[in-house]
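Open the model in your viewer and keep the selection tool at hand.

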Amino acid sequence: VVGIVGKSKSLDFPTMLIFWSLVRNSVVLAVYLLFSVACFLTVHEHSVMDNMLFFASIAKMDKRIAKERSIALIEKVGLKEKISTKASDLSGGMKRKLNLITGLIHNPKLLICDEVCVGIDPISRKEILEYLKELKNNGLNIIYTSHYLDEVEYLCDKIVFLDRGSLVLEGETDKLIKEISNAEDKEMNLSDIFVKVLRKDGE
């Protein structure tokens with residue numbers, strides 16, 4: 001879901017209904033929130049492993065399964081050598097990875113990612129995006145928020161544009177880009193389309 005800053009993007013009930021209508025069919029959508037602030041939901045004074053087990057306990061997972069899955073996810077994102085390190089002592093990119101996998105510990109049907117790649121190094125960004133795409137391709141529903149429309153274009157199967165709470169444009173990402181590019185008789189990317197569809201004179 002893409003919109004202009006300060007308009008249409010708060011997660012009110014109608015917006016959540018739109019989200020559900022999209023993700024229930026195993027698609028990926030983008031939520032473009034210019035005002036959103038990335039939050040680390042991890043416990044800073046806990047180690048990487050302790051964070052995983054803490055979130056597993058919230059989901060009431062079996063302890064053995066929780067530990068096995070924690071180790072697998074930690075290794076998957078390259079944090080094995082930091083397994084006993086406090087979250088507060090991790091780099092920005094590592095914190096993002098830990099935040100991501102704590103949300104995956106219980107095999108959710110829907111993953112909500114809020115600015116997971118903001119303010120991190122290019123290598124961590126690439127690794128996280130590739131992992132998210134792998135998760136998507138394996139059938140996980142994802143709501144993805146980002147300031148960066150290149151990430152949206154890379155990850156998301158479906159885009160919704162909202163303006164002042166109204167649906168302006170909806171479509172499959174690749175098809176939408178192709179159709180608008182053909183209509184404009186020039187090659188366009190998602191950023192170009194965002195400006196064309198949602199930007200108003202003087203904004």
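Start with two helices, H2 and H3, which are oblique to each other. The model is predicted, so read each stop as a description of that model. Select residues 48–58 for H2 and residues 63–76 for H3. What angle do H2 and H3 pack at? It is about 130 degrees, and their axes lie 10 Å apart. Turn the view to follow the crossing: H2 passes H3 in a right-handed sense.

Now show side chains. On the H2 side, pick Val48, Met49, Met52, Leu53 and Ala56. They meet Ala66, Lys67, Ser70, Ile71, Leu73 and Ile74 of H3. Colour this contact by residue type. It divides into 9 nonpolar residues, 1 polar and 1 charged.

Stay here for the loop that joins the pair. Select Lys60, which sits between H2 and H3. Is Lys60 buried or exposed? Lys60 is exposed, with a relative accessible area of 75%. Check its backbone too. Lys60 is not a glycine, yet its phi is positive, at about 60 degrees.

A second residue of this kind comes next. Select Asn107, in the loop between helix H4 (92–102) and strand E2 (110–114). Phi of Asn107 is near 55 degrees, again a positive value in a residue other than glycine. Asn107 has 54% relative accessibility. It counts as exposed because the cut-off is over 50%.

Move on to another helix pair. Select H7, residues 173–184, and H8, residues 190–198. How do H7 and H8 pack? Their angle is about 65 degrees, with the axes 10 Å apart. That makes H7 roughly perpendicular to H8. The crossing of H7 and H8 is left-handed.

Show the side chains of this contact. From H7, take Leu176, Ile177, Ile180 and Glu184. From H8, take Leu190, Ile193 and Lys196. By type, the contact of H7 with H8 has 5 nonpolar residues, no polar ones and 2 charged.

Keep H8 on screen and select Phe194, which lies in this helix. How accessible is Phe194? Its relative accessible area is 14%. Phe194 therefore counts as buried, the cut-off being under 20%. From C-alpha to C-alpha, Phe194 and Phe161 are 8.0 Å apart. In sequence, 33 residues separate the positions of the two.

Last, zoom out and colour by secondary structure. The protein has 8 helices and 5 strands. Trace them from the N terminus: the order is α-β-α-α-α-β-α-β-α-β-β-α-α.

Then switch to a surface view. The protein exposes about 11,100 Å². Carbon and sulfur atoms supply 53% of that area. Of the 203 residues, 43% are buried.

Finish with contacts across the chain.

Notes
Residues numbered from 1 in each chain as written. Predicted model: local features only at pLDDT ≥ 70, side-chain atom pairs only at ≥ 80, totals over all residues. Heavy atoms only, no water. Axes fitted to C-alpha atoms, helices over the stretch in contact; angles between N-to-C directions. Helix = DSSP H or I, 4+ residues; strand = E, 2+ residues; numbered from the N terminus. Parallel < 35°, antiparallel > 145°, perpendicular 65-115°, else oblique. Left-handed = near helix turned anticlockwise from the far one by under 90°. Contact = heavy atoms within 4.5 Å. Nonpolar A, V, L, I, M, F, W, Y, C, P; charged D, E, K, R; others polar. Buried < 20%, exposed > 50% of the residue type's maximum accessible area, 1.4 Å probe, protein only. Areas by Shrake-Rupley, 256 points an atom, 1.4 Å probe, with all protein chains shown as cover.
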